[in-house]
Amino acid sequence: MTPTVSPLARMAEVAADPDAYVLAWKQSHPGRKVAGVLPMNFPEELLHAAGFLPVVIQENSEPDSEGRVILAEFYCGYTRNLADQAIKGKLAHYDAYFVADHCVQLLGAADVMRYAQPEIPIYFGQFIASMSESSTNGKVRGEMGRIVREVERSAGAPIDQDRLRNSIRLYNEDRSLLRKVFDARRDGRLHLPAKQIQDLVKSSMIMEKAEHVALLKELLAHGLGTQAATGTVKLHLSGHFCHAPKQELLDLIEECGAEVVDDDLYHGRRYVTTDVREDLDPIDALTEWYFDRNVNVPCPTRVQHDADWDTYLSNAVNASGADGVIVLMAKFCEPHMLLYPELRKMMDEREIPYLLIETEHEGLPMESIRTRVEALVERISRRPARVAG
Amino acid sequence: MTSTTTGSTVTRMAANRSGGKMIADYWDNIFTAPERGKKVVWYNGSALNPIFQAAGLEWCHGEAFSARLAALHLEGPAQLAGAEYGYINELCSYSRTHLGCAVLSQGGGPAPGSETGAVDALDQAELAGRLPHPDFFVNAYSGCSTGQQWDEMSYRVFGKNVPIFNVSIPFLWGNHADSGYMQGQEWEEATDYVVAQLGELIAFIEGQTGRPFDWDALSESMSYIKRASELRLEGMELCTNKPTPATYWDWIASIAHINFLPGNQDLVNYFGSVRDEIAARVANGVPALENERYRLYFDGIMNWNKLGWLAKRFAEYDAAVIAGRYTHSSFWQEPQIIDAENPLRGMAQHYLICPINHSLKTLNYLTLRDCERFDIDGMVFHSTRTCRAFTNPQTLLARSAREHLGLPAMFFEGDVADASFYKDEVLESRLVAMLENIDVRRAKAGRW
């Protein structure tokens, strides 16, 4: 597929309409299969090596109707929207689904997907979330082997080890290129609107990886540092697992005079932070990747006694020189609700100004959020210069 | 009230009174553990208590403590302390009540004598003093992903200074064609994995107590629990009689006993008395409700704030709630899998069959099975606001029951331990509508 527009525009186009991309891909790749991946830890490289187009299924922008009935209203917006898409037949272009994360709400949506589309297999290869127990590594390694067998069964052919190594290399390259963008933003060498950063990551979750790498290379070759800073107050965006925050919300934050200089969003740095080691047996390396990810950017969906998201956030704020933090929490996300007080405690102790915004699939009270963000920006602007650290 | 209802009164079981004392004694025992030099384990999720009992520990089940506070309407101070600490009210109310207790016991909440905090200092002192500090944590949560994260937060609230051990229980998703309730490759593999972890847990406990684990004591405890479970199931089977001699609410009243009271002769005697009282009711024609007109199934975890209230509410409409997922598909409900001489495998399997650890296919099987067995007329779904695990597939279960058994259903919203989510008018109007639906169906079928 040859892009006829700029790389940024092309990635924004894919991010805005993942279904259109997937349908076009299927048309241009007859006989190939598309695997729907549920966030956040499934190793997409396995599917890529088996010939699938792996796609992390995104929240769509349509209002929920069925999904808010079939799942309780106190499920997160992403899971209700997944259920809505499944019941309305919007996921019919997927040939199989794969999930590794044990989240009651996510599995609730997966149950609806299986109910709505019984002909599409949905494989749950559970990665144990308790990372500190000695038995977990072996269990995850075993599960990785079972996933390989299921992927092979679904693809109808064994996964070639060389192809898997190539897939790992390709995915690492994509992550590495994206990290360059994130690092440049954090270091003040790049000023891109937050929604464009999101487009880069979100499109990576959808597109054929080689195509995405080519777009990133083109983008980086032409340089990114031409735009001016979008605001005077530097903010870190934190949280928001599984699905992307609404771009209107990101725009709103910037309209209030803030510039996002770093984040730990799933549709952000969290997705690209960790490479798979290329010097190990591929399955061992993917197993290690699962554990490494939670050290590099700790996630409250995992339980690891020596990996602290609050410490990570504190260090990230130091590194970027952010003046404050906006915590974006998908409403009803229980792991985030559980860990939030620990973040709050750290930010209070360090006197880092912060704001919690709960998000929903629809009906975000934008003007009320605007007032709160403006108040945060105003509060930061009036503070004397803070010494980082 | 529908024109046909009579406003039944409930005949409470005498066994509930003695059972209540057993629970109160159990908690008093917990509260005095430090004075007696006993080590205390805080745990959540699966019924690991026979292991703790055999290790000579005192065990405090976090959910149970939250449920008890809610049932006694004493949950407020702990929840306020949790809210002050930063827990949002949409978070599992079991966890934020329990974590609120942890915060209080760590000196959190307002300073003594403070007028500004949300939690009254007197409440703080009372609660903090009652729940002894843990010597270590054990988590073994089935089905609900929040459970493991909850204890990790307890671990952090205590400054990471209290040892913790996690037993991970795989979710029974049903990946393969041979997957089913207690069968298939996935079931066997999950069992093996949990058995191995229980072995590691016991080694961890030996490290904490400094004593070798008493396997004979575990066998003894499990033999009592197995017998108690058999008696409980015999009592439940008697409720297939019409009218039912006991209700779902009676089984709720004995959940603590089967779930975490010590496995001993007292436990067997208690469930023997429950079974015998129900049998006597059948023999003497004594119904649980004065005038049973509707037989209902209850899906959802218990609303502990409203236990007595709900029992009366349904009785007012002559509606006997007879069985439910929480009471009938949890709590050592498959005693035949327990081998008291070699109990770990059966225990692991019991932990795996927690009714929130199955995907829809198995839940559907269990629900339809019990609705047919108890000749149910309608289904009540407690849409439990902060318990996503139990609420998970409820609408699909309702659809299935309607399609396969022609059963009407109603939903009402409440919560396990937060009374603010319960709306009585909603329950009443929906219950009336469903009972009228049942009346119409009966009239059409000539069964009026």
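The questions and answers below concern a predicted model.

Q: How does the radius of gyration of chain A relate to the globule rule for 389 residues?
A: Chain A holds 16 helices and eight strands. For 389 residues the globule rule gives 21 Å, and the radius of gyration of chain A is close to that, so chain A is as compact as a globular protein of that length. The computed radius of gyration is 20 Å.

Q: What box do the C-alpha atoms of chain A fill along the principal axes?
A: The box is taken along the principal axes of chain A. Its dimensions are roughly 65 × 45 × 45 Å.

Q: What distance separates the centres of domain 1 and domain 2 of chain A?
A: Chain A is divided into domain 1, residues 7–159, and domain 2, residues 164–382. Taken over C-alpha atoms, the centres of these two domains of chain A are separated by 21 Å.

Q: Which helix gives the largest share of the side of domain 1 of chain A that touches domain 2 of chain A?
A: In chain A, 46 residues of domain 1 are in contact with 43 residues of domain 2. Several elements of chain A each supply at least two residues of the domain 1 side, including helix H2 (18–28), helix H5 (77–87) and E2. By class, that side has 29 nonpolar, nine polar and eight charged residues. The largest share, seven residues, comes from H1(A).

Q: Which strands are the edges of the open sheet of four strands in chain A?
A: The strand order in this sheet of chain A is E2-E1-E3-E4, with parallel pairing. Each edge strand pairs on one side only. The edge strands of chain A are E2 (53–56) and E4 (122–124).

Q: Which residue of E3(A) stands opposite Val37(A)?
A: Strand E1 of chain A covers residues 34–37, and strand E3 of chain A covers residues 96–99. E1 and E3 of chain A pair in the parallel sense over three bridges. Opposite Val37(A) stands Phe98(A).

Q: Which helix gives the most to the side of chain B that touches chain A?
A: The contact takes 40 residues from chain B and 34 residues from chain A. Four helices of chain B each supply at least two residues of its side: H7 (145–157), H8 (185–209), H17 (388–391) and H18 (394–405). By class, the chain B side has 18 nonpolar, 15 polar and seven charged residues. With nine residues, the helix that gives the most is H7(B).

Q: Where is the cis peptide bond that involves Met40(A)?
A: Most peptide bonds are trans. Met40(A) lies in the loop between E1 and H3 of chain A. The cis bond, with omega near 10 degrees, runs from Pro39(A) to Met40(A).

Q: What is omega of the peptide bond that joins Lys242(B) and Pro243(B)?
A: Pro243(B) is found in the loop between helix H9 (215–238) and helix H10 (248–253) of chain B. The bond from Lys242(B) to Pro243(B) is cis, and omega is about -5 degrees.

Q: What is phi of His240(A)?
A: Most residues other than glycine have a negative phi. His240(A), in the loop between strand E5 (233–239) and helix H11 (247–255) of chain A, has a positive value. Phi of His240(A) is near 50 degrees.

Conventions
Residues are numbered from 1 along each chain as its sequence is written. Chains are lettered from A and ligands numbered from 1 in the order in which they are written. This is a predicted model: local features need pLDDT of at least 70, side-chain atom pairs count only at pLDDT 80 or more; totals for chains, interfaces and linings use all residues. Two strands pair if DSSP finds at least two bridges between them. Two residues are in contact if their C-beta atoms, placed from the backbone, lie within 7 Å. Ala, Val, Leu, Ile, Met, Phe, Trp, Tyr, Cys and Pro count as nonpolar, Asp, Glu, Lys and Arg as charged, and the others, Gly among them, as polar. Domain bounds come from an automatic or database domain assignment. The radius of gyration is taken over C-alpha atoms; the globule rule is 2.2 Å times the number of residues to the power 0.38.
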